[in-house]
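Please load the model in your viewer and keep a selection tool at hand. The stops below go from a single residue to the whole chain.

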Amino acid sequence: MNVTLVTGTGTDVGKTIAVAALAAVAADAGQRVAVVKPIQTGLRVGEPGDLADVTRLAGVTDIFEFVRYPDPLSPEAAARRSGLAEVTATELVTAIQRLSGDFDLVLVEGAGGLLVRINAAGETFSDLAALLGGETIVVVAAGLGTLNHTALTLEVARNRGIPIAGLIVGSWPSAPDIAAQENLQDLPNLARRPLLGVLPEGLGSADRGAFLAAARAALSESVGGRVRSGESMGSYAKRQENS
């Protein structure tokens with residue numbers, strides 16, 4: 001089973017859209033894809049969450065959510081406020097591993113970043129990543145400040161033995177400023193890992209067909225997209241601006 005954790009450098013950087021894009025191109029290529037949101041916070045039972053967006057955009061219906069807390073907080077704080085039971089990283093990994101053999105690709109969407117606390121014992125999503133043992137993709141912002149946030153995330157991953165497959169810019173602005181433009185070169189240099197995609201802003205409002213086409217065009221061929229390995233994501237982004 002190929003398990004990939006998708007984390008972010010913080011909240012609102014486009015993790016769910018990135019997960020949906022990866023799922024869409026993999027499913028279109030004939031892979032059996034499952035998407036897991038181990039812990040969903042900020043929603044009550046029955047309300048559509050991140051996985052509903054993945055299904056709407058990518059058409060993937062094998063979706064799994066294990067724990068939900070109503071307050072929009074870290075899992076630790078949300079569990080404490082709600083009085084609901086906490087969960088451990090080991091319990092989450094066991095639940096994810098039960099999918100083994102049924103799917104070619106399991107995408108696991110984290111919450112916030114690697115150091116977001118799961119429970120009062122101090123476990124974080126970095127513990128989940130380490131226990132899963134697969135590669136992790138980091139979704140990053142485009143603009144000013146992203147280099148520092150990305151460097152901090154990568155340092156955590158390096159110190160905890162978490163292999164990083166690459167980075168995805170979760171929301172590329174239609175009119176990028178000079179910082180965003182330069183970051184397309186600086187991010188892979190900083191990470192010493194490839195940029196695996198540059199997803200255009202507003203992609204979450206696309207219909208399913210348009211979403212798949214945009215995902216293919218925005219992702220590297222190494223993750224099922226059409227950006228050739230020898231072509232820089234900067235070249236792709238400039239074409240998008242001129243289209």
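Ser126 lies in helix H5, residues 125–132, helices (H or I, at least four residues) and strands (E, at least two) being DSSP runs numbered from the N terminus. With a relative accessible area of 1%, Ser126 is buried; buried means under 20% relative accessible area, exposed over 50%, and partly exposed in between, with a 1.4 Å probe and protein chains only.

This is a predicted model, in which local features need pLDDT of at least 70 and side-chain atom pairs count only at pLDDT 80 or more, while totals for chains, interfaces and linings use all residues. Residues are numbered from 1 along each chain as its sequence is written, and side-chain values use heavy atoms, with hydrogens and water left out.

Next, select helix H1 (residues 15–28) together with helix H8 (residues 208–218), which pack at an angle of about 95 degrees with their axes 9 Å apart; the axes are lines fitted to C-alpha atoms over the stretch in contact, and angles run from 0 to 180 degrees between N-to-C directions. H1 is therefore roughly perpendicular to H8, a term for angles of 65 to 115 degrees. Show the side chains of Ile17, Ala20, Ala21, Ala24, Val25 and Asp28 on H1, and of Phe211, Leu212, Ala215 and Arg216 on H8, which make the contact.

Move on to helix H2 (residues 50–58), where Asp50, Leu51, Val54, Thr55, Leu57 and Ala58 are buried. Their cover includes H1, strand S2 (33–41), S3, S4 and H8.

Now pick Phe64 and Phe103, an edge-to-face aromatic pair with 6.1 Å from centre to centre and 75 degrees between the planes; rings of Phe, Tyr and Trp (its six-membered ring) pair if their centres lie within 6.5 Å, and planes over 60 degrees apart count as edge-to-face. Phe64 is in strand S3 (residues 63–69) and Phe103 in the loop between helix H4 (89–97) and strand S4 (105–109), so the pair ties together parts 39 residues apart in sequence. Phe64 is partly exposed at 25% relative accessibility, whereas Phe103 is buried at 11%.

Finally, select the whole protein chain, which has nine helices and seven strands. Of its 243 residues, 51% count as buried.

Key:
Angles under 35 degrees count as roughly parallel, over 145 as roughly antiparallel, 65 to 115 as roughly perpendicular and the rest as oblique. Contact means heavy atoms within 4.5 Å. Rings of Phe, Tyr and Trp (its six-membered ring) pair if their centres lie within 6.5 Å; planes under 30 degrees apart count as stacked, over 60 as edge-to-face and the rest as tilted.
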